[in-house]
Amino acid sequence: MVSERGKRAPAVDAGLPGERVVTAGSAARILVAATARALRGDDCGDLGHPGPLSRLAGTPEPVRRAATARAAGRAALTAAQVARVDAERVAGWFVGQYPERHWPGAVLGSPHGAAAHLAVALGVPWLPAGFEVTAQWGGGVVDRPDAALDHGAALAGRLLAGNPLVHVRQVHCPASRGVASGATVTLTARWRALPGAYARFLADRLEPAAPVLLLHDARTWPVRDDGAGHSFQAGCPASGLDPVDFHPDARALRHVLRAAGGDETRWASPEVTVSAAFAEHGVESGFEHGAREWGDVHGHPLHRVVVPQPDALSAATADLYRRWLRRAGKTGNRLVVECGRLLDPGQVLRAGLVPYWCENATRRRVEGAEWWLAGSEPFSSVDVLPEPPGLRSPALAGLPQWLAVAGFGRRRRALDRGAARGYPVASVPTRRATEVLRNQPCDLPVPPPLRMAEALAALRDAGAHQGLLVC
């Protein structure tokens, strides 16, 4: 007979670890990891390794699609695991990646590569306002967004049951996720209040009166929102397409679905209830209110930057870096054009480069880089790192367009061959950017960190004509 004192209490489920919850390769995950490494004085040489799909670029399309779907399903969470997601634990995992020191400020909000570069120039951490979760969808298909909504609503209900302070935005986008959108469901959990882990981190680690900068992606998209904490959108801004391109009669959708093994005649998108809601990377009003209220109570001013398109912040940050480098006695004439996960703020800093970040390899984002370069003082060298998206889409930029970007360099014009090999269906890890940038000559010492007031003034000056709102 075992006494009551000898019995062991049942284990309390603390939820899944953050590294298991947050989708591998998602923007928030990569940007936190890259920023934290740069602030520690490290690069991204250990970030991301090519998976089995990197070897399938030359295989027949049906084989590659099947392998992609299987790999996506294996990496995704099961329904039972979705129920064990703890958003507070995820927030703790994000802040736990930063060194234990006092910071002169912080950058929060929507994921954007330029935000990581800005945070590194300021010498402060960057923290996201949400995170991406990928869940399995057994028997799913790319061409049935209505079926994706039904399956996703059940998964979102499991996630919301344990996390009432998040809003779950489901995104079904074959144009940006390809065949994986028929094997998995993508859920973006956005905090509706400042997470406790963030509040504790800021209270413990910020210097007195240190400012906080909140970046808000203001792009919109048609959404179905029934008001129960779960909303749905078919397509997304990152696809490089417009909402009308996801209409059953649209030529672009026909090309997208055929490339992913789908049939446009089966496409049935759920009814839209909000014609222009903030897209998946928007910031919840409750998160902003919580950050501002926390700042008012603790004496930390909150500044807000509203970003109408990714190109606006990329261009303004590149201009800011150029001025910052030149003020420190450097040329500011060497540019690196990064793309998606191919970035390394630490190596950019070591080499004294000006960074311009493209959200992805769509024509729109590459055209943004071209327009900015055409209106800028010429660079002596331009290195381009095009990230292959791993799929085919009518919205993607071809290699000639990427070569045109590199052509803006007066003396050096370089397109990374490793990233270009197998483009657009190959897979390249984040560490590829590190490998390329390690070959750049050092330009030390690193300039002293920017002050927040200087950064805000530079963003106002450089971004005003692009619609960047700084307040």
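Is Cys 339 buried or exposed? Select Cys 339: its relative accessible area is 0%, so it is buried (buried means under 20% relative accessible area, exposed over 50%, partly exposed in between, with a 1.4 Å probe and protein chains only).

Before going on, note that this is a predicted model, in which local features need pLDDT of at least 70 and side-chain atom pairs count only at pLDDT 80 or more, while totals for chains, interfaces and linings use all residues. Residues are numbered from 1 along each chain as its sequence is written, and side-chain values use heavy atoms, with hydrogens and water left out.

**Stop 1: the cysteines**

A search of the whole structure finds zero disulfides (a disulfide being a pair of cysteine sulfur atoms within 2.5 Å). Cys 339 is in no disulfide, and the nearest cysteine sulfur, that of Cys 358, is 5.7 Å away. Now select Cys 236 and Cys 173. Cys 236 is in no disulfide either; its nearest cysteine sulfur belongs to Cys 173, 3.6 Å away. Cys 236 counts as buried because its relative accessibility is 3%.

**Stop 2: the nonpolar core**

Next, select Phe 94, Phe 131, Trp 191 and Trp 402. These have the most contacts inside the largest nonpolar core, which has 145 residues. Such a core is a set of buried Ala, Val, Leu, Ile, Met, Phe, Trp, Tyr and Cys residues joined through side-chain atoms within 4.5 Å. Helix H12 (residues 310–327) gives the largest share of this core, nine residues. Helices (H or I, at least four residues) and strands (E, at least two) are DSSP runs, numbered from the N terminus. In soluble globular proteins, nonpolar side chains tend to be buried together.

Keep Phe 131 selected and show what surrounds it. Leaving aside neighbours within four places in sequence, the contacts of Phe 131 (heavy atoms within 4.5 Å) include Val 21, Val 85, Phe 94, Leu 187 and Trp 191.

**Stop 3: the six-stranded sheet**

Select strand S3 (residues 130–136). Five of its seven residues are buried, so S3 is largely enclosed by the rest of the structure. Two residue pairs can be picked out here. Ala 135 stands opposite Val 185 in S5, and Thr 134 has Thr 186 as its bridge partner in S5.

Now widen the selection to the open sheet of six strands, in the order S3-S5-S4-S8-S7-S9, with mixed pairing. Two strands pair if DSSP finds at least two bridges between them. S3 and strand S9 (274–278) stand at the edges with a single partner strand each, so one side of each is left without a neighbour in the sheet. From one strand to the next the twist averages 40° (axes are lines fitted to C-alpha atoms, for helices over the stretch in contact, and angles run from 0 to 180 degrees between N-to-C directions).

**Stop 4**

Select Val 305 to find Val 470 of S15 opposite.

**Stop 5: helix H15 and its surroundings**

Select helix H15 (residues 399–406), where Gln 401, Trp 402, Val 405 and Ala 406 are buried. Looking down the axis of H15, these buried residues fall within an arc of 150°, so they line one face of the helix (the arc is that of the directions from the helix axis to the C-beta atoms). They pack against several elements, among them strand S11 (334–339), strand S13 (379–384) and strand S14 (409–415).

Turn to S13: six of its six residues are buried, so S13 is largely enclosed by the rest of the structure. Four bridges join S11 to S13, in parallel, and Val 337 has Val 384 of S13 as its bridge partner. Five bridges join S13 to S14, also in parallel, with Asp 383 partnered by Ala 414 in S14.

**Stop 6: Arg 365**

Finish with Arg 365, which lies in helix H14. Its 6% relative accessibility means that Arg 365 counts as buried. Beyond residues up to four places away in sequence, Arg 365 touches Arg 219, Gln 309, Pro 310, Asp 311, Cys 358, Glu 359 and Asn 360.
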